[in-house]
Amino acid sequence: MSRIDDLRFRVATTFQRRVLNPVLRRVPLQTLLETTGRVSGLPRRTPVGGRRVGDSFWLVSEFGDRSQYVRNIRADPRVRVRLGGRWHEGSAHLLPDDDPKARLRDLPMMNSSAVRAIGTNLLTVRVDLGDGEARP
């Protein structure tokens, strides 16, 4: 990773962790991805942008393997996704062979534009949603 990409990663993730995510996690209809912390074992909730297509939820990680939620998925693919204020259990799959730039064209424009602008190592993630809703 180049020095510029590393700086972009550090600035973006610091802003997301300290400013953006704490606010967005409280917005009732914001889509959240809940993973299990690979070290702590505690639930970790991350605001994400993506789209539900049938029984799957699609998103693109702007920092690929450097994203903490991607590292958590590698350790334990069982996740929950809050869509429209309701939680759904699912199993996450990292798709390095998928074309994330093409995938972004099918996802909500606002989030996709931000991911394209700050992303340095895009990675597609598909969550296969289970039947019914998960516990709150």
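The model is a predicted one, in which local features need pLDDT of at least 70, side-chain atom pairs count only at pLDDT 80 or more, and totals for chains, interfaces and linings use all residues. Residues are numbered from 1 along each chain as its sequence is written, and side-chain values use heavy atoms, with hydrogens and water left out.

Rings do meet charges, however. The charged end of Arg-103 sits over the ring of Trp-58, 3.7 Å from its centre, and that of Arg-80 sits over the ring of Trp-87 at 4.2 Å. Here, a charge sits over a ring if NZ of Lys or CZ of Arg is within 6 Å of the ring centre and within 35 degrees of the ring normal.

The protein has four helices and seven strands, taken as DSSP runs (helices H or I, at least four residues; strands E, at least two) numbered from the N terminus. Of its 136 residues, 42% count as buried, meaning under 20% relative accessible area, with exposed over 50% and partly exposed in between (1.4 Å probe, protein chains only).

Helix H2 (residues 68-75) buries Tyr-69, Val-70, Asn-72 and Ile-73. These residues lie on the same side of H2 because they cover an arc of only 160 degrees around the axis, judged by the directions from the helix axis to the C-beta atoms. Exposed Arg-74 and Ala-75 are carried on the face turned away from that buried side.
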